[in-house]
Amino acid sequence: EYVLRRHTVTVAELDEALADPAVIEIDPDYASRSGQSIRYIGWSDTAGAVLTVIVVRHEGGLYGSNGWTSNDKDQRRYWE
């Protein structure tokens, strides 16, 4: 609910971006303070946009943390 309310993207759209065969993984996320998050940049057909998905490592697992429509910087990375 947080992601939808704050960033107007759904979990299903973020899952689509993660499943994109051309998804880009940036590990660690360049904006991570802890160094524990991974940034994924991928395409969602449903959203009709490139999305940024933040996943966090915690106790040996990976958990979705946040996501939004990609900014210009992430879109450039994706399309290059």
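How many aromatic pairs does a search of the whole structure find?

Modeller: The search of the whole structure finds two aromatic pairs, where rings of Phe, Tyr and Trp (its six-membered ring) pair if their centres lie within 6.5 Å, and planes under 30 degrees apart count as stacked, over 60 as edge-to-face and the rest as tilted. The rings of Tyr78 and Trp79 are edge-to-face, because their planes stand at 85°, with the centres 4.9 Å apart. This is a predicted model, in which local features need pLDDT of at least 70 and side-chain atom pairs pLDDT 80 or more, while totals for chains, interfaces and linings use all residues. Residues are numbered from 1 along each chain as its sequence is written, and side-chain values use heavy atoms, leaving out hydrogens and water.

Tyr78 is buried at 14% relative accessibility, whereas Trp79 is exposed at 57%; buried means under 20% relative accessible area, exposed over 50% and partly exposed in between (1.4 Å probe, protein chains only). Together with Trp43, Tyr78 and Trp79 form one aromatic cluster.

Another ring, that of Tyr30, has charges over it. Arg39 lies over the face of Tyr30, 4.2 Å from the ring centre, and the charged end of Lys73 sits over the Tyr30 ring at 4.0 Å from its centre. A charge sits over a ring if NZ of Lys or CZ of Arg is within 6 Å of the ring centre and within 35 degrees of the ring normal.

A further tyrosine, Tyr40, belongs to the largest nonpolar core, which has nine residues, including Val9, Leu14, Ile38 and Leu51. Such a core is a set of buried Ala, Val, Leu, Ile, Met, Phe, Trp, Tyr and Cys residues joined through side-chain atoms within 4.5 Å. Helix H2 (11–19), strand E2 (37–44) and strand E3 (49–58) each supply at least two residues of this core, and E3 gives the largest share, four residues. Helices (H or I, at least four residues) and strands (E, at least two) are DSSP runs, numbered from the N terminus. Leaving aside neighbours within four places in sequence, Tyr40 is in contact (heavy atoms within 4.5 Å) with several residues, among them Leu18, Val23, Leu51 and Val53.

Finally, Ser70 is found in the loop between strand E4 (61–69) and helix H3 (72–79). Ser70 is buried, with a relative accessible area of 5%. Beyond four places in sequence, Ser70 touches Ile41, Val50, Leu51, Thr52 and Gln75.
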